[in-house]
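Please take a moment with the sequence and the model below before reading on.

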Amino acid sequence: HQQSEDEEFVVVTSFYPMYIAAMNVVGETEGVTLKNLSEPQTGCLHDFQLTPADMKLLSTADVFIINGGGIESFIEDIAKQYPELVIIEACEGIELLCEEDAHGHEHDDEESDESHENHIHDVNAHAWMSVANYRKQVENIADGLVKSAPKSSESFLANAGNYDRKL
């Protein structure tokens, strides 16, 4: 059920939390290469700028795994530039918190607008910070990979199941 060597399946993740989730789903699956777009120290993508090297990497990808929820502000450009690229949104189906900002502070109606100047998200899209939501993200990643690379589905589902038990 594995892909042959001439059918290398390239999965790219947007940043480190997505890479860790995907790494646990992909595991040692033959014929699948996993790469991460941003540097490991890029914790969040608020200020992330795509480089020519990033675009070159994405041009080789079969699947691009993103967090979603507005964190990857550059996603529309990528979808336009690479219409064939399958984009898996790990946050799909997860109810993102609207009452908290990205740093977990509840909004106070009396706060001035100035305090939100640097605040990018209307929702708290940091779903990987919650184990329950992270488990759902892993499930979404596994489902997306199974659809995109059905030959490797047994491996993806087994790895995702093992990782879910750890979580």
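Helices (H or I, at least four residues) and strands (E, at least two) are DSSP runs, numbered from the N terminus. From the N terminus on, the elements of the protein chain follow the order β-α-β-α-β-α-β-α-α, and the secondary structure comes to five helices and four strands. This is a predicted model, in which local features need pLDDT of at least 70 and side-chain atom pairs count only at pLDDT 80 or more, while totals for chains, interfaces and linings use all residues. Residues are numbered from 1 along each chain as its sequence is written, and side-chain values use heavy atoms, with hydrogens and water left out.

Of the 167 residues of the protein chain, 43% count as buried, where buried means under 20% relative accessible area, exposed over 50% and partly exposed in between (1.4 Å probe, protein chains only).

Helix H1 (residues 16-26) has the buried residues Pro-17, Met-18, Ala-21, Ala-22, Val-25 and Val-26. They cover an arc of only 160° around the axis, which puts them on the same side of H1; the arc is that of the directions from the helix axis to the C-beta atoms. What covers these buried residues includes S1, S2, S3, H4 and H5. Just after H1, Gly-27 takes a positive phi of about 55°. Further on, in the loop between H1 and S2, lies Gly-31, which is buried with a relative accessible area of 14%; its C-alpha atom is separated by 6.7 Å from that of Glu-7, 24 residues apart along the chain.

How do the helices meet? Two packed helices are described by the angle between their axes and the distance between the axes. Here, axes are lines fitted to C-alpha atoms, for helices over the stretch in contact, and angles run from 0 to 180 degrees between N-to-C directions. The axes of H1 and H5 (residues 153-166) come within 6 Å and cross at roughly 120°, and H1 and H5 are therefore oblique to each other. The axes of H4 and H5 come within 9 Å and cross at roughly 175°, so that H4 and H5 are roughly antiparallel. Angles under 35 degrees count as roughly parallel, over 145 as roughly antiparallel, 65 to 115 as roughly perpendicular and the rest as oblique.

Helix H2 (residues 52-59) has the buried residues Asp-54, Met-55, Leu-57 and Leu-58. Seen down the axis of H2, these fall within an arc of 160°, so they line one face of the helix, whereas the face turned away from the buried side carries the exposed residues Pro-52, Ala-53 and Lys-56. What covers the buried residues of H2 includes strand S1 (9-13), strand S2 (32-36), strand S3 (63-66) and helix H3 (75-81).

The interior can be followed through its nonpolar cores, each a set of buried Ala, Val, Leu, Ile, Met, Phe, Trp, Tyr and Cys residues joined through side-chain atoms within 4.5 Å. The largest has 26 residues, and those with the most contacts inside it are Val-11, Val-25, Ile-65, Ile-141 and Leu-145. S1, H1, S2, S3, helix H4 (131-148) and H5 each supply at least two residues of this core. Apart from it lies another core, of 15 residues, among them Phe-48, Ala-61, Phe-74 and Ile-78.

Note on methods. Contact = heavy atoms within 4.5 Å.
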